[in-house]
Amino acid sequence: MTKKTEHQKKQVNRWLKYQKKYAQGKLSRAIALGSINGILMILQTAMLAYLIDLAIFPNVEASLNKAQSNGAITDSAAFTDITTISLALVAIIFCRAALGYFSECYSRRGAMDIKTNIRSRLLNRLFQFGPAYTETKGSAKLSHLLHQGIDSLEDYFAGYLPVIAYCAVIPLAILIAVFPIDWQSGLILLVTAPMVPFFMILIGHKAQRLNQEHWAKLQRMSSHFLDIIQGLTQLKIFNASRREIAAVKRISDDYGDETMGILKIAFLSSFVLEFLASISIALVAVILGFRLYYGDVDYVFALWVLLLAPEFYLPFRQLGTQYHAKMAGVSAAEDLVEILNQPQVNYSLEETFTAPFSISVSQAEFAYPDRSNTLSQVNLEFSTQGLYAVIGESGSGKSTLIDMVLGFVQPDSGHVVANGQPLTSANRDHWLKHCGWISQQAQLFYGSLAFNVALSDNYQDELVIEALERAGLANFVQTLEQDIETEIGENGAGLSGGQAQRLALARVFYHQPDVLILDEPTSHLDQQTEQMITASINAYAENHIVIVIAHRLHTVIDAKKIIVLEQGKVIESGTHQELLTHDGYYAQQVNL
Amino acid sequence: MKPIYESHSAKVFFRLIGLLKPQLPFMLLGALLSIITVLANISLLAVSGWFITLMAIAGTTGITVNYFTPAAIIRFLAIVRTAGRYAERMLTHRATFNALAYLRHYFYQQLEPLLPYYRINLRSGDLLARLQQDIDNLDNFYLRVLLPIVVALISVPIVCYALALFSPTIAWVMLAALLIVGFVFPVISYFASTSLSKEKSHLESHLTEELVNGIGAIKTLMVYQVSISYQRSIARITKQYYDVRYRLVKINARLSAVTFLLVHLSALACLLLLLPPLVTGEVDSKSLVAVVLLVLVSFETVSSMPLALQLLPQSLASADRLFAIIDKDKPNNIGVETVKHGDIHFDDFTFSYPDKKTPSLIDINLSIKLGEKVAVIGASGAGKSTLVNLLMGFWPTGYTLLSSHLPASSSSNASESENNKGRITIAGCDLNLIDRESLRQHIALMSQQGHIFEASISDNLRLAKHDATQEELREVCQLVNLIDFIDELPQGFDTWLGTSGTGLSGGQIQRLQIAQLLLRSASVLILDEPTKGLDRHNEEEIMSNILAHVKQKKQSLLVITHKPLMLEKMDKIIVMEQGKVIVQGNHKQLTSIDYYQKLLNYF
């Protein structure tokens, strides 16, 4: 383990502890209630011991003093005592049940508050960084982190942290209670207590190392199983399905062996713990027994200590079971800290853009980390209105160029300037107010058709309907029972690819952006829909700036300017006719 | 678990047990150890209480007692408890993993013939992921469901019997208390939380969806200035989700609270119940202490029952879903013939998928001669991929053999013969009569839905040819221009691919799949859109490499493509539309046809 990761670990642990404040005292309350519960437990065992003592020894005395006449009186006195103490005991039991209940509720609620807070902060941060960041990190991975990743912190806050506190409070309270009454038993507990954390740390370290070594391997194995199912057809094609399924047995067995290897350590650690606890309890019992025999100690105290002994080790044993929660929490926190510790973006307040628009890209260079230049020496001008088409092979830098114009990506050198102002992350949101966007596959959201057009719950019905009409969806909407209020459900179920893309177009008509950017909007559509959408886009371009990444060349013949990118460079640009005369890449593609 | 399903649930339960039969000895041994450990633990405290009371009485009365035996028993029980716990855990977990390995293998074996036959039902990635999840869920079945139930069923009577030795009343009281804590309370809380649990899992998947959707659509959200309202909506769903979860937490906390009450109150009640017999001398004071302590810890026998009863319906539902899938009729492959080298013919061939009413291929007549290079073009949905899939023998074909090939349920349908007629032959032999393994040895396919496995590059390549030498791997990677990339990787051919490893670009995946195909020593190679995602330079080079490769190996080539570059070099081009072959011929013959031109331009 290097020093750097050691430092990171400290940072992560500090961060986790710092999050406690977002529970607004709920966690502290939970821990306080749990601790009171522990102290009441000491009282409860004491009373139970006293009760048993009362029940047994008046009896002994009574049988000894059977001849004496006052036997009946002692009996009845003991009886009242027994009733009072029983009632008190019942009261304590009810109190403890209530305390346990509220402690659990508070700790869970507190953990949920913390998670809610972390989730909104993380989401906010991701929106600050924008798509350039989320796409490099992987959106699937990020949404997993936002949901399951953050949720795995719950057991850390609601389970691990309280138990840590109880480990300090409850054994100490027991020692304080036991020592004044019977220092010898206290001494046994005190001597055995530090052994527990000592052995746990010793074994925990080994377990952790083993864990880290095997973690990647285990993950690979478990993803292998899903892989086999998903790739079963592929395996059949290769005549390899039977062979691989036979391997599943072997790998499952290996998986079991590997996991057992880790569990063995975990079991061993709890073995040591339980062994220590058992030995200590047995020792306490035997020593107490002999001291009772020699009349060295009162029976009631002996019984009490015996009842307390298992409770003394309980928090430590619980700590062992919470170890996994800690590991999971820390590993999720590592990813969270990495994102949340990135520097904040400062928004400018008063920079506004007004129509008409012109965008110029000058000498722009850009490279993603660890990759060769994505864009180099790009000089482009988009002004007033008209259709601009960007074409090129995949990987030629088209998408990066678009991201730059939208302000999601800043060039490493050179400028992207809109109406004389350089685009930065600070004024990005102001700029985006004037932009519209349609992606390759329409992105639909959970909600009504109208919501998906307006992207807001406050929409004007007429405007929505008009936008849908212009996008050629009027007929479709009429077939729907609930009109524009129809829920389009998960993943846009019920809409074909073409309809979804037209919906995205309706979104544009509703918002009327001055600058519209489209990423291969028709690449998944049939010819008819394609023609319809292409015509709408061309019409829109008469009054607005429209930049389209095109896949099928016949959709861009009428463009004001066609820009051809190859390996991050603009190799040619001009109208369809100009490019045909130029006889370069474009002409070659068209003539094939 | 609604009552109407009970008999069905029971069936599923016993079928699952039946599957676990080979593991049963191990499992029973684990259960035995669990019971011994639990009982040792319970007795330890009881004997300790008995012992110190004995010593106290001996101390006050001055009677000499045999204290060696109880002290030895305490030590013995302490050791049994600790060592037993360790051994029990090792054994039960071992049994769990063995059972899981066995079950996984079993289900995979059963699934193998079903894919891709039931492509419609099993197509979605979600479903496959759930299948996997269901198998994983069976993890819990032994350890967290079966074991606690067995332990409770056996140790509760033992505990009650032991108590009855002292006082039958107490035994009955405790039997009732244990039943309530171990069964009644969990069942009540299960029913109290059923609707909430449903709401919880609904909100959970809703949250996942919104997050996946939103992060994926971050550009749209930002461009249309709705990122704030999106964040608010996530916050709202989170709140709803946690509110529901909190209500579930409360139900569980209530369950623990009433359990706690019952445990401690019944200990107190037993103590009070024993007072009269103590006075009359029916019970001695040592036993009283022992019984009270025994009662206090005896609830350990049912402590895992709430979780077990919670998980039981889950495990059964998972098993039920799995059984439903593997019980589907399997396409039986009766083919035994070995493939002979020869031409492939489609004669008046019409085909529809078993789950579809309209045919996907209609009256196809075509041939692929030995060593011939054939291209198929057409818009999506024209039936190109179906054509290719049939050649791999994934679906039985033709009406003549229908009755013996299709599952009984679907073969009786009269319209089937209308939608499935004609035949596909290889060297004159009907495709259905050919052994599947032999067929796939003869014909190799690179499909568009190809899958890259989470394994090293060389492992992925060796799937195509398991005994390929390192030289062979290098050679095919050379042909697809991948060798420079691989050599630059720090771990070369051992680089791990997939989500947990290095990501490949779309073009690199495509090239890797071509490399896999080239490794196959088949006589017919089929490529479905081989140059998708490749840049011009790679496309040209790789295509000419493929053509040279098939020429050298005397392989036939069938390509689904629209690249004019390739079409020129093909012996025959087949144009398909809506399941029909509308025209075939070579590039020169076809260029005059308008539709052909349009198809080329369209893509």
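So, chain B has 24 helices and ten strands; helices (H or I, at least four residues) and strands (E, at least two) are DSSP runs, numbered from the N terminus. This is a predicted model, where local features need pLDDT of at least 70, side-chain atom pairs count only at pLDDT 80 or more, and totals for chains, interfaces and linings use all residues. Residues are numbered from 1 along each chain as its sequence is written, while chains are lettered from A and ligands numbered from 1 in the order in which they are written.

Staying with chain B, buried residues make up 44% of its 603 residues. Buried here says that 20 or more other C-beta atoms lie within 10 Å of the residue's own; exposed is 12 or fewer, partly exposed is in between, and the C-beta atoms are placed from the backbone. Take Tyr106(B), in helix H3 (residues 68-111) of chain B. Why is it called partly exposed? Because it has 16 other C-beta atoms within 10 Å. Between the C-alpha atoms of Tyr106(B) and Asp484(B) there are 42 Å, and the two residues are 378 apart along the chain.

Now contacts: two residues are in contact if their C-beta atoms, placed from the backbone, lie within 7 Å. Of the contacts in chain B with a separation of 6 or more, 78% are between residues 24 or more positions apart.

How confident is the predictor? The model scores ipTM 0.86 and pTM 0.80. pLDDT is the predictor's confidence in each residue, from 0 to 100, and chain B averages 84, with 90% of the residues at 70 or above. Residues 120-124 of chain B fall below 50, and beyond near neighbours in sequence that stretch has five contacts in the model. Residues 400-416 of chain B are below 50 too, with 22 contacts beyond near neighbours in sequence. Where pLDDT is low, the predicted coordinates should not be read in detail.

Okay, on to where the chains meet. In chain A, 107 residues are in contact with 110 residues of chain B. Which helix gives the largest share of chain A's side? That's helix H10 (residues 241-293) of chain A, with 25 residues. By class, chain A's side has 57 nonpolar, 35 polar and 15 charged residues. For the classes, Ala, Val, Leu, Ile, Met, Phe, Trp, Tyr, Cys and Pro count as nonpolar, Asp, Glu, Lys and Arg as charged, and the others, Gly among them, as polar.

Next, strands in chain A. Two strands pair if DSSP finds at least two bridges between them. There's an open sheet of four strands in the order E2-E1-E4-E5 (chain A), paired antiparallel. Its edge strands are E2 (375-383) and E5 (421-422) of chain A, each pairing on one side only. Strand E4 (residues 413-418) of chain A joins E5(A) over two antiparallel bridges, and Val417(A) has Pro422(A) as its bridge partner. Helix H12 (residues 398-405) of chain A packs on this sheet, touching strands E1 (358-366), E2 and E4 of chain A.

Last stop: strand E9 (residues 561-566) of chain A, where five of the six residues are buried. Four bridges join E9(A) in parallel to strand E3 (residues 386-391) of chain A, with Ala389(A) opposite Ile562(A). Five bridges link E9(A) antiparallel to strand E10 (residues 569-574) of chain A, and there Val564(A) stands opposite Glu572(A). In the hairpin of E9(A) and E10(A), with two residues between the strands, Gln567(A) takes a positive phi near 45 degrees.

Notes: Axes are lines fitted to C-alpha atoms, for helices over the stretch in contact, and angles run from 0 to 180 degrees between N-to-C directions.
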